[in-house]
2 protein chains.
Amino acid sequence: MNFQQLRSIREASRCGFNLTEVANILYTSQPGVSRQIREVEEELGVEIFERNGKRLTGLTEPGKGILQIIERLLVEAENLQRASDDYADHTKGTLTIATTHTQARYVLPRVVQAFRHAFPEVRIALQQSSPEHIADLVLSGKADIGIATEGLSQYKDLASFACYEWSHVLVVPEGHPLLACVANNELVTLKDLATWPLITYDVGFTGRGHIDDAFKVGGEQADIVLTAMDADVIAQYVALGMGVGIVASMAVDSLRAHGLHTIAASHLFSPNVTRLAVRRGTYLRSFVIDFIQQFSPSLSHQEINREVTAASGK
Amino acid sequence: MNFQQLRSIREASRCGFNLTEVANILYTSQPGVSRQIREVEEELGVEIFERNGKRLTGLTEPGKGILQIIERLLVEAENLQRASDDYADHTKGTLTIATTHTQARYVLPRVVQAFRHAFPEVRIALQQSSPEHIADLVLSGKADIGIATEGLSQYKDLASFACYEWSHVLVVPEGHPLLACVANNELVTLKDLATWPLITYDVGFTGRGHIDDAFKVGGEQADIVLTAMDADVIAQYVALGMGVGIVASMAVDSLRAHGLHTIAASHLFSPNVTRLAVRRGTYLRSFVIDFIQQFSPSLSHQEINREVTAASGK
DNA sequence: TATCCTTACGGAATTCGTAAGCATG
DNA sequence: CATGCTTACGAATTCCGTAAGGATA
């Protein structure tokens, strides 16, 4: 048994059981992959994959258990590399952060700058994508850290930490009627809001769930005329007068700089919690731990390690 | 990097850094081992072993961290084999139990018999040894299960379960003066006991610690004239009139069958708890779980797995 | 000087890719 | 009939053990 064989199996399950694709990813030939897999199956005396004729179609019941062990084993193999790099020089390396636009644009700059100062030789890769994809990137080891407000807490193989709480704010252009409320020291109601076309985040992004929930619970119909991934884009259309924007509070400074007005909305929508996640069982290089602590100073080294080395539950 | 290289490193640390010995254990040549180790060190770019000239003398600081990861990795490799065997046929295999004489002789027979009935095709290996060695056997993967009253709870890489409680009893030959107490419904005191030569377990065995503690706390001097590993041997010398025996309550039936008399002593010595231990992170084959439940029926499948897959803690 | 590790070398075994063959949707 | 897996074969590489060399307690 060797590592390449195990990698072939892991990749096969990741690639939807297409061995040709596996071969490309692992930079080898397809017959090679085919052989690697059969060799392991023979050595272990277990059929890992379901086959339909010659094609692989899924995992067998034993295969699922075996795959779990293989994944843990390969994580340790990666840990070996990570730990070694860390020991060799813990001021060098690459920190890969998978996150959403909102974090990358409004929250991380301050943290990244401080981190950069502490570890000038560490390269930083920001991978922007959707919350589900962020989880995937962390689970597959392609990113060290995932940061998002949605979808990081439901994976048993991710250790996630609550980092900070934020709420939504409304954005309107100069002279918008809603600003009258503010002038009178009145709070905007959901009913008020429902009379305007709205512009906010895509489903699954940046607390969008809480916005939909609020309208559902309040029995109002939201007229969401446009959605986008980030506050900058939303603000652009708000400025054009296309509607009232609902964005994350982290963006207010930038919005005001663009001449837009913001109106408190924390009484309308539930607060959101941004979480940071790492894969359980992963060796955290010193600078990764440092970054986590920069981002969420209340976390202790021990607390982080305890959570990350904890079993995946179940 | 391959498994043989990692095994060489693990074994080197286990063999006190004697590569010749490692070569023998791994059935290979000494230059081979030497090379395997250097190859890993080169590939990872980390010196794992301290060297004094050409000889290996210990682990470097990074080496300690690296070794931990290697050990977890190799445990997963063994798990792969174990899980496969289990899936292939979970009624076959070998269950290796490291335990003390007391357990093997007085407690396990009932359990082993029941287990044998449930899994007639599983071979059972009972490895009798001292409590410390039992822990070693389990930690190194040479035994699936360790059972003992002492020394299993202090290893962070062992998950141990309290199974049952027992106390010590006194053993005397027919007509011994201490039997007068019993006849008068009196409890034997530590002071009474201190007037007799005593025969009991070796230090470190079968609750011996609690016996010594009791005398220390009670301010009495125990005159332990002979020690042995097991109740049978102790009983033999008691029968010869060499002294009063103090043995585990599990042995009473056998002692009476030999014509000796037993006297309650649970008021004199703290009760003892027999524990069962398995290495954390180890895949437990179905029959191993079954055996554990036979031995300690109050444990649930989930409880066992939770404890075994839990992280080793700091 | 005996033990223990390293270096050097050559044969053996393994590994892997290419090319051809075959099944399936 | 195109996609995808298997088989077959040969070349290249890797692996590993033996033998000799050198350092240290």
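At 13% relative accessibility, Cys181(A) counts as buried, where buried means under 20% relative accessible area, exposed over 50%, and partly exposed in between (1.4 Å probe, protein chains only). The structure is a predicted model in which local features need pLDDT of at least 70 and side-chain atom pairs count only at pLDDT 80 or more, while totals for chains, interfaces and linings use all residues. Residues are numbered from 1 along each chain as its sequence is written, chains are lettered from A and ligands numbered from 1 in the order in which they are written, and side-chain values use heavy atoms, with hydrogens and water left out.

**Cysteines**

- Cys15(B) also counts as buried, at 10% relative accessibility.

**Cavities**

- Two cavities of 30 Å³ or more are present in the structure.
- On a 1 Å grid over the protein atoms alone, a cavity is a set of points where a 1.4 Å probe fits but cannot get out, a pocket is an open set with protein on both sides within 12 Å along at least five of seven lines, and lining residues have an atom within 4 Å of a point.
- Grid points are joined across faces, edges and corners, and a volume is the space filled by probe spheres set on the points.
- The largest cavity holds about 70 Å³ of space, and its lining includes Arg82(A), Asp144(A), Arg279(A) and Tyr283(A).
- Five nonpolar, two polar and four charged residues make up the lining of the largest cavity; Ala, Val, Leu, Ile, Met, Phe, Trp, Tyr, Cys and Pro count as nonpolar, Asp, Glu, Lys and Arg as charged, and the others, Gly among them, as polar.
- The second largest cavity holds about 50 Å³, and among the residues lining it are Arg82(B), Asp144(B), Val278(B) and Arg279(B).
- Four nonpolar, two polar and three charged residues line the second largest cavity.

**Second largest pocket**

- At least two lining residues each come from α1 (3–14) and α4 of chain A and from α3 of chain B; helices (H or I, at least four residues) and strands (E, at least two) are DSSP runs, numbered from the N terminus.
- With six residues, α4(A) gives the most to this lining.
- By class, the pocket lining has six nonpolar, three polar and seven charged residues.

**Helix α3 of chain B**

- Helix α3(B) covers residues 30–44 and reaches 22 Å from its first C-alpha to its last, close to the 21 Å expected, the expected span being 1.5 Å times one less than the number of residues.
- Its buried residues include Val33(B), Ile37(B), Val40(B) and Leu44(B).
- The buried residues of α3(B) pack against α4 (61–88) of chain A, and against elements of chain B including α1 (3–14) and β1 (49–52); contact means heavy atoms within 4.5 Å.
- Gly45(B), which follows α3(B), has a positive phi near 70°.

- Most residues other than glycine have a negative phi.
- Thr206(A), although not a glycine, has a positive phi of about 40°; Thr206(A) lies in the loop between β8 (197–201) and α9 (208–218) of chain A and is buried, with a relative accessible area of 3%.
- Asn185(B), also not a glycine, has a positive phi of about 60°; Asn185(B) lies in the loop between α7 (178–183) and α8 (190–194) of chain B and is exposed, at 73% relative accessible area.
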